Amino acid sequence: MSPATIFNIHLMLGYVAWLLCFRTIWPKLRVMDRIEAQRLIAMLHSFRFFGLVFILPGFTGPALPPGFAPFAAYGDFATGLLAMAALAIVRIRPLFRLSVLAFNLGGAGDRLVNYYHGVRLDLHSVAGELGAAYAIVMLYVPILMITHVAAFALLLRPANRTTRHNAPVD
């Protein structure tokens, strides 16, 4: 089997596996307090500083297309910082909502730009050059994109004024 085929199978199955897992989480996120649900998503994305490993010398192979690593690294880093900012200001609701929107727009945009660069640079044919970062792409990236979609769905959901216990929300 070619490296490109293995790469594509891994990426596709990464999404399938995470979607199957996320099926059990999504109903809980939908009914919980909107701020708490977004906070959980932000916690996951706050670790995106780890994407800087793409530009760490020796972590990826020397034949990794040069146009891929900087975008992947700095986009993840910026998204991680925005997610941390959201977590730091969670008690200031309007700023929290704005920062949630910012890290999700930036993070989803980063994922889409990285997919574009990956296709344009034929990344799947040199997937072994990702080195240890291959695990990030296959295991972490799918859940990041899935949770961006979930965060947007939560942001677009009409505000409920009460929960099951008639306590104010939002």
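This is a predicted model: local features need pLDDT of at least 70, side-chain atom pairs count only at pLDDT 80 or more; totals for chains, interfaces and linings use all residues.
Student: Why is His-117 called buried?

Tutor: Its relative accessibility is 7%. Buried means under 20%. So His-117 counts as buried. The residue is found in helix H4.

Student: Which residues does His-117 contact, leaving aside neighbours within four places in sequence?

Tutor: Gly-67, Phe-68 and Phe-71. Phe-68 is also among the residues with the most contacts inside the largest nonpolar core.

Student: What makes Asp-110 count as buried?

Tutor: Asp-110 has 7% relative accessibility. The cut-off for buried is under 20%. Asp-110 therefore counts as buried. Its place is in helix H4.

Student: What is Asp-110 in contact with, neighbours within four places aside?

Tutor: Arg-48, Phe-71, Ala-72, Gly-75, Asp-76 and Thr-79. Phe-71 is also a contact of His-117.

Student: Why is Pro-27 called partly exposed?

Tutor: Set the value against both limits. Pro-27 stands at 38% relative accessibility. Buried is under 20%, exposed is over 50%, and partly exposed is in between. So Pro-27 counts as partly exposed. Pro-27 lies in helix H1.

Student: How far is Pro-27 from Arg-157, in sequence and in space?

Tutor: They are 130 residues apart in sequence. In space they are 13 Å apart, C-alpha to C-alpha.

Student: How many residues are in the largest nonpolar core, and which have the most contacts inside it?

Tutor: The core has 36 residues. Phe-7, Phe-54, Phe-68, Phe-103 and Leu-130 have the most contacts inside it.

Student: Which helices each supply at least two residues of this core?

Tutor: H1 (3–31), H2 (34–45), H3 (69–88), H4 (93–120) and H5 (133–156). The largest share, 12 residues, comes from H5.

Student: What does Phe-7 touch, not counting residues up to four places away in sequence?

Tutor: Phe-7 touches Leu-123, His-124, Ala-127, Leu-130, Tyr-134, Val-137 and Met-138. Leu-130 is another of the residues with the most contacts inside the core.

Key:
Residues are numbered from 1 along each chain as its sequence is written. Side-chain values use heavy atoms; hydrogens and water are left out. A nonpolar core is a set of buried Ala, Val, Leu, Ile, Met, Phe, Trp, Tyr and Cys residues joined through side-chain atoms within 4.5 Å. Buried means under 20% relative accessible area, exposed over 50%, partly exposed in between (1.4 Å probe, protein chains only). Helices (H or I, at least four residues) and strands (E, at least two) are DSSP runs, numbered from the N terminus. Contact means heavy atoms within 4.5 Å.
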